[in-house]
Amino acid sequence: MKFKTVFVCQKCGYEAPKWAGKCPDCGEWNSLVEEVKAQETKKPAAQRTRSFTDFSSEVVKLSESKSVREERIPTHISEFDRLLGGGLVKGQLTLLAGAPGIGKSTLMLQVAAELSKDKKVLYISGEESVNQIAGRAQRLGVNGENIFLHCETDIQKIVESVQNVNPEVLILDSIQTVFHPEFTSSAGTVAQVRECTSELVRLCKPKGIITFVLGHVTKDGELAGPKILEHMVDCVLYFDTEKDNVLRLLRPHKNRFGSTGEIGLFKMTGQGLRSVDNPSEYFSQSSRDKALKGRAYSLALEGSRPLLTEIQALVSPTHYPYPRRVATGVDLNRCLVLFAALEKHIGLPLDNKDIYVSLAGGVKLKDPALDLAICAAVISSCKDIAVAFDNVFMAEVGILGQAAKVPLLDRRLEEAQRLGFTRAFCAPVTKPEKAKLIKLAVAEIADLHELALKLN
């Protein structure tokens, strides 16, 4: 077998015959790494390597094919099950990524503990020893009677372990530490990650083994390794918050068996990650007994449930030639549009002031329903007007200053009423949308001018 040296981009997988500072394909700098690969030679059909998957079938009409209802296997972790669409599916390959120390291994050990009650689980680690995993299990109170541990980084030995143990659930921590001995490149490179994942797919899919693969992220927060890794798996889950935050937000970026609009909220405790089943009450634990300047509440919709969000704004005179604009948890570009609309349509003097906008709780949301709350918080801070603690704002604001309705407004209004709000500022609503409102009054807002008048 002949070998040749190529330079492979660790960002997109592009192969170049010589090194370059910038990848010609994706434009990433200093991403080309030297690797040795075997030259392709023509082989007889019987000796050719298998494809990515061995799912071959005859050509049939769609109308004649039969659909099989996938049986869901619950993990009994409420937020995790809802995030996956009701539970796991046999043969499902899930990729879990997040920053170091955010709780990936902790969550997987908790999932293994729940699934091991009636299934055989094989936990393979390439980063920790058996004693370290056992110590974490003891802290979490995990009974590992049906959990088998194996510390290995060679993919061929991992395949042998799976064939010997014959588990129903496989957990690999992590894919960047595993290597294929037939490739001379180091673990974590494009070729190694691609081939090791292919081996897992070919091994676990036909046997129906539920597989979890943990992945590292780069300093930019993206999944380390080639982008093809996300295409090869069935579900991709990202921890979307920093490890210093007590609240952990798990968001699906891909899900073949469920929705990608849901989010999972977990709270890190001494006994591991605990599901936050009622996030609105969790976020409303801050003092809501008095009015504050620069604070406004809204209800953002993530997936199928509304989340109470607290928008905080600080507007102060600037000491710099160019005023600062800082946004945390919300889109900065969207905030800049709203600031310009406030200056244009209601004459709010913001050209000589610094503006800081923050979404309390450490989460990141992009719901347009937050627009009206951001505008209300900025007006309140700029004019020193306290916003009532029992007011909630839910509407999208356009560049012309007009308020527009947001999806599923009736569900948001019902949640606002349940949380004790007495007044809701939103775009004009219909009678069916406020039919169930008893203690919540609706203040219809047409534009920013009406919002400024009613806040005064």
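Biologist: Okay, got it. How many disulfides does the structure hold?

Modeller: The structure holds 0 disulfides, a disulfide being a pair of cysteine sulfur atoms within 2.5 Å. Before we go on, this is a predicted model, where local features need pLDDT of at least 70 and side-chain atom pairs count only at pLDDT 80 or more, while totals for chains, interfaces and linings use all residues. Residues are numbered from 1 along each chain as its sequence is written, and side-chain values use heavy atoms, with hydrogens and water left out.

Biologist: Is cysteine 382 buried or exposed?

Modeller: Cysteine 382 counts as buried, at 18% relative accessibility. Cysteine 151 is partly exposed, with a relative accessible area of 29%. The cut-offs are under 20% relative accessible area for buried, over 50% for exposed and partly exposed in between, using a 1.4 Å probe and protein chains only.

Biologist: Zooming out, how many helices and strands are there?

Modeller: The protein chain has 11 helices and 23 strands. Those are DSSP runs numbered from the N terminus: helices are H or I with at least four residues, strands are E with at least two. The C-alpha trace spans about 80 × 55 × 55 Å along its principal axes, and buried residues make up 48% of the 456 residues.

Biologist: What about contacts along the chain?

Modeller: Taking contacts between residues at least 6 apart in sequence, 66% join residues at least 24 apart. Contact here means heavy atoms within 4.5 Å.

Biologist: How do α2 and α3 pack?

Modeller: Helix α2 (residues 104–115) and helix α3 (residues 130–140) pack at about 70 degrees, with their axes 11 Å apart. Axes are lines fitted to C-alpha atoms, for helices over the stretch in contact, and angles run from 0 to 180 degrees between N-to-C directions. So α2 and α3 are roughly perpendicular to each other. For the wording, under 35 degrees is roughly parallel, over 145 roughly antiparallel, 65 to 115 roughly perpendicular and the rest oblique.

Biologist: Which residues of α2 and α3 make the contact?

Modeller: Ser105, Thr106, Leu109 and Gln110 of α2 contact Ile133, Arg136, Ala137 and Leu140 of α3. By class, that is 4 nonpolar, 3 polar and 1 charged. Ala, Val, Leu, Ile, Met, Phe, Trp, Tyr, Cys and Pro count as nonpolar, Asp, Glu, Lys and Arg as charged, and the others, Gly among them, as polar.

Biologist: And how do α4 and α5 pack?

Modeller: Helix α4 (residues 155–165) packs with α5 at an angle of about 10 degrees, their axes 10 Å apart. That makes α4 and α5 roughly parallel to each other. Ile155, Val159, Val162 and Gln163 in α4 meet Cys196, Glu199, Leu200, Leu203 and Lys207 in α5.

Biologist: New topic: where is the cis peptide bond?

Modeller: A cis peptide bond joins aspartate 173 and serine 174, with omega about 0 degrees. Serine 174 sits in the loop between β7 (169–173) and α5 (190–207). Most peptide bonds are trans.

Biologist: What is phi at asparagine 30?

Modeller: Phi of asparagine 30 is near 55 degrees, a positive value in a residue other than glycine. Asparagine 30 lies in the loop between β2 (15–16) and β3 (32–38), and is exposed, with a relative accessible area of 62%.
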